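Reader: Please take me through one part of this model in close detail. I would like the metal site, then its surroundings in the fold.

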Amino acid sequence: MFIFDEITVDSGSREELIDITSKVKSAINSNQIKTSGILLISSMHTTAGITVNESADPAVKSDIRNWLQRLIPQHNSFKHIEGNSDAHLKTSLIGPSVQIPIIDGKLILGTWQGIFFCEFDGPRKRKVKFTFTGE
Ligand code: ZN
């Protein structure tokens, strides 16, 4: 079985971690996935990534965002003329995608884990691809 779908994400600020776990679960349901396999969740953008991290305490999201801002300040001696090199660097550090197992149609995540879309150059309308390969 191979399923390819899209999830849209509307970011509300320049830098933001958005929990998309419920959107991913909705896409699993709407695609009627009831088997087992691997789900690839991938950002289609060069200034936004995807990660899995704690969804229980919102302070973790802000700690990640604040740490990345300190590590890679927006205004620096970058050469890229678009002026958003910090967003490109942050995206490469976070990575463009995550793979998550699905067993019998159920997304396998730890108790405290959520899937986060990581916006680094918003606010924008964004696309996340949903690729399932399995039984
Ligand atoms: Zn750029």
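Author: Two strands count as paired if DSSP finds at least two bridges between them. The model is a predicted one.

Start with the zinc ion. Four residues coordinate the zinc ion: H80 through NE2, E82 through OE, N84 through OD1 and H88 through NE2. The distances run from 1.8 to 2.2 Å. Along the chain, the donors follow the spacing H-x1-E-x1-N-x3-H. What is the geometry of the site? The site is irregular, with angles of 91 to 149° among the four donor atoms. Four donors count as tetrahedral if all angles lie between 85 and 135 degrees. For comparison, the ideal angle for four tetrahedral donors is 109.5 degrees.

E82 has a relative accessibility of 53%, so E82 counts as exposed. H88 is partly exposed, because its relative accessible area is 22%.

Now the strands. β1 (residues 2-10) runs antiparallel to β8 (residues 125-134), and nine bridges join them. Within this pair, F4 has T131 as its bridge partner. β8 also pairs with β3 (residues 37-43), again antiparallel, over seven bridges. There, S42 stands opposite K129.

β5 (residues 97-103) holds Q99. Q99 is in contact with I38, L39 and L40, leaving aside neighbours within four places in sequence. Q99 counts as exposed, because its relative accessibility is 61%. D5 lies 94 residues from Q99 along the chain, and their C-alpha atoms are 15 Å apart.

Next, helix α2 (residues 58-71). Why does its span agree with expectation? Its 14 residues at 1.5 Å a residue should span 20 Å, and the end C-alpha atoms are 20 Å apart, so the two agree. At the start of α2, D57 places a side-chain oxygen within 2.9 Å of the backbone nitrogen of A59.

Last, the backbone exceptions. Most residues other than glycine have a negative phi, and most peptide bonds are trans. Q32 has a positive phi of about 55°. Q32 sits in the loop between α1 (21-30) and β3. Its relative accessible area is 60%, so Q32 is exposed. D104 also has a positive phi, near 50°. D104 belongs to the loop between β5 and β6 (106-107). D104 is exposed, because its relative accessible area is 59%. The peptide bond from G122 to P123 is cis, with omega near -5°. P123 falls in the loop between β7 (113-119) and β8.

Definitions and conventions: Residues are numbered from 1 along each chain as its sequence is written. This is a predicted model: local features need pLDDT of at least 70, side-chain atom pairs count only at pLDDT 80 or more; totals for chains, interfaces and linings use all residues. Side-chain values use heavy atoms; hydrogens and water are left out. Helices (H or I, at least four residues) and strands (E, at least two) are DSSP runs, numbered from the N terminus. The expected span of a helix is 1.5 Å times one less than its number of residues. A polar contact is a pair of N or O atoms within 3.5 Å; within protein, one must be able to donate a hydrogen and the other to accept it, and residues adjacent in sequence count only if both atoms are side-chain atoms. Donors are N, O and S atoms within 2.8 Å of the metal (3.2 Å for Na, K and Ca); water is not among the atoms, so sites may look incomplete. Four donors count as tetrahedral if all angles lie between 85 and 135 degrees; four count as square planar and six as octahedral if opposite donors are over 155 degrees apart and all others between 65 and 115; anything else is irregular. Buried means under 20% relative accessible area, exposed over 50%, partly exposed in between (1.4 Å probe, protein chains only). Contact means heavy atoms within 4.5 Å.
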